[in-house]
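Please read this briefing with the sequence and the 3D view side by side, and find each element as it is named.

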Amino acid sequence: MGTLTIGSIVIFFLTPREPTLSLPLSHLASCIPTPAILPNEQDSAIKLSTRWVPTQRDDSSTSSGGQNDQEQPLESLKLLTRGGYLRQSSSGVYTLLPNGLKMVRKIESIIDEEMSRIGADRIDMPTLLPSTLWRKTGRFQVMGNELYSLKDRKASEFILAPTHEEEVTKLVSQEVDSWRSLPVRVYQITRKHRDEPRPRMGLLRTKEFVMKDLYTFDANLEDATKTYEDVTGAYRRIMDRIFGKGSWRVAEADSGAIGGSRSHEYHLEDAAGEDTLLSCGKCNYSANTERAASLPSSSKMPFDSSEVDVKLYGPRDPALQGMTLHCVIWPKQRELNHLKVIRNLPSDPEYRELISDREMRTKGLSGWDWKDRPEGPLVRFDKIKVLTDFECSSLDNEEMERAVTEAILEYASQGVNGEGMTSPSGSSSSQPSPSLSDLFPSQLPHHLENVALPLHLVDVREAEEGDVCPRCRHGELKKSKSIEVGHTFLLGTKYSEALGVGFAPSSQLPAKGKGKAREDQDGEGVAIQSRSKVGKGRLPFQMGCYGIGVTRILGTLAQRAAKEFEDSKGRAQPNKSGGSKVSGGFIWPRHLAPFRAVIIPCSPDTEEKKEACVRIEKALRRGRVVARSDPIVEEDGGEGAMQDDQEEGIRSEDIALDDRVEKSLGSRLTDADLIGYPIRLILGKNWDQTRKIEVHVRVRESDGRVGWKKELVDLEELT
């Protein structure tokens, strides 16, 4: 067999012994069609006269984006509307216009590259999903009113998917039968839906949004953990490439309704953000306030029972007997973190806060039925477990027991018309109160001396600004508002077990962390693994899910770009009539801007100017203009952002020719600020008088702010 290569085409042919027809190579080459230009490639700059760019001179038509009347729309949302990036369709729903869509595609391209780098394949799942699997996992009930649900003409129930864990688990389980087919890494970039009660902040909180979600399937926890590290590495590169190194934070987070044992969020600090982070100034520790921890503060440690608060938790079903009462203790000077408390409580049956009869009555609620059940609510509990915050370790056992006893007696006693109380036994409150040994005799018997209180030190308080960092143990935690743009979850087997799906393991599959593979005792040759099976000898998938809010990234970039425009030097461009200034604009990262360069010829439109524009475009494509800015190149582009410009020039589809000569130069310069071109070449009055081109290149100055390097250049010198 032989091969013949022509361009990118390889032809394989046999070498037979018998004579064959021979054709000249030139004739063969002529039979191969010339490759066409790909749809996303341009052979010349994009003429704005042929492109729909509905810019606006003011923001009078900008709606509030679904915000309350008392809330003003974000300045960045006004600018996105004025710049022709988007239009609002309804509250929390937006249409992306060509400029906005082009930026979204550039963000998606970076994500695609990094997902491919870790071996993830892109798929496209439907947005309209049957509700069956969601009900099976329980998330239909958990999400409640935030889930869009509908019925078709056959009364079949569907949802508009806010996420796709159930659907992708079903998909993979239908195709993956054996451990040999693992791991699987698939992702999509698609529109999601969530019925937000208060859409606000433009693209930051919407009812419909574009999101990248990656789902991974592994055979065991060790492999799933390795996958988690691979994905978080990809996320770091994505964030660096989009926002720039050192400009974003990764924070420990709570898993919420999605679930899982490990979770991180990716944030950009911004006053418009709805999340609050606590971050250390001396190390890289950062966490959402729902998850943040801190070292105990000696100045806030209690020493008396009056200096602590106690809450009781247990199942509310009065039919359940033999339960363990959980008592949570924390300092009165601190706020209780309810999510941390939940993580320390049993989930089956569900434990909830127990409210005393007196408190129930003050809230207008019916309390315990003392008439039919005079024994009181405490009879359901025969054991006690005390969860004490680390900061309460200063409290001695006697004070601790006093605080717990008072809380239990309050819960177990009958309020009398909202005033006074009787003890659980029905005796007067003037009699000596029972001790914990009286209340829980089987666990704390009287005849045994020095029976220790079942005490467990846990972290249940809300970390605060000024607390000491739990990681480096020296730094002080600082609070900041931030926008979450990404989230990673190590799900474990939550969804695969709930849906009863998995894979057939092999007798030769090693039990990770256990040395050599061993055969299970059931005779099926299944490798021993420390997790449950899902039927037919199968093991549940170890899963992970990883999201990035694509349109939220656009909204976040707009927040930063608008602020940087206001902070930059030389941000105002005079219009043709002179004197007036632009009210706002964007300083986009070079590689994400709708266009990297614009050529603006002023009127009148002549053949000489047209020829000059063509030559300027060719210079941009060769990188000649960018090379002129080398000494003060920007650093906002992230990994490799400037490399393409300097070595290969700017692609034609990233060069705009603003040939809208019917508009004044000032009007087009106003649009230039809104579109955020990093490079501007103007054929204005200097061209008419001296045939010189005004070259404006955006640069990062020594003080960190963005400015403009401006110079007059001969066409011959430029090209």
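β16 and β18 pair in the antiparallel sense over 2 bridges, where helices (H or I, at least four residues) and strands (E, at least two) are DSSP runs numbered from the N terminus, and two strands count as paired if DSSP finds at least two bridges between them. This is a predicted model, in which local features need pLDDT of at least 70 and side-chain atom pairs count only at pLDDT 80 or more, while totals for chains, interfaces and linings use all residues. Residues are numbered from 1 along each chain as its sequence is written, and side-chain values use heavy atoms, with hydrogens and water left out.

- Across the pairing of β16 with β18, Tyr313 stands opposite Glu353 in β18.
- β16 also pairs with β17 in the antiparallel sense, over 6 bridges, and there Lys311 has Val328 in β17 as its bridge partner.
- β17 (residues 323-331) pairs with β19 in the parallel sense over 7 bridges, and the bridge partner of Met323 in β19 is Phe381.
- The open sheet that these strands belong to has 5 strands in the order β18-β16-β17-β19-β22, and its pairing is mixed.
- At its edges stand β18 (352-353) and β22 (455-458), each with a single partner strand, so one side of each is left without a neighbour in the sheet.
- Helix α10 lies across β16 (308-314), β17, β19 and β22, running at about 50° to β16; axes are lines fitted to C-alpha atoms, for helices over the stretch in contact, and angles run from 0 to 180 degrees between N-to-C directions.

- Ser394 lies in the loop between β19 (381-389) and α10 (397-412), and, leaving aside its neighbours within four places in sequence, Ser394 is in contact (heavy atoms within 4.5 Å) with Met301, Pro302 and Phe303.
- A polar atom of the Ser394 side chain lies 2.4 Å from the backbone oxygen of Pro302; a polar contact is a pair of N or O atoms within 3.5 Å, of which, within protein, one must be able to donate a hydrogen and the other to accept it, and residues adjacent in sequence count only if both atoms are side-chain atoms.

**The sheet of 6 strands**

- A further open sheet has 6 strands in the order β3-β28-β27-β29-β30-β31, with mixed pairing, and its edge strands are β3 (46-47) and β31 (706-714), each of which pairs on one side only.
- β30 (residues 692-700) pairs with β31 in the antiparallel sense over 9 bridges, and Val699 has Gly707 in β31 as its bridge partner.
- Helix α14 (residues 607-622) packs on this sheet, touching β27 (597-601), β28 (655-657), β29 (679-683) and β30, and its direction makes about 160° with that of β29.

**Helices**

- Helix α3 (residues 98-117) packs against helix α13 (residues 550-567) at an angle of about 115°, with their axes 10 Å apart.
- In this contact, Gly100, Met103, Val104, Ile107, Glu108 and Ile111 of α3 meet Val550, Ile553, Leu554 and Leu557 of α13.
- Helix α7 (residues 221-243) has 23 residues and reaches 32 Å from its first C-alpha to its last, close to the 33 Å expected at 1.5 Å a residue, a span calculated as 1.5 Å times one less than the number of residues.
- At the start of α7, a side-chain oxygen of Asn220 reaches to within 3.3 Å of the backbone nitrogen of Glu222, and just after α7, Gly244 takes a positive phi of about 100°.
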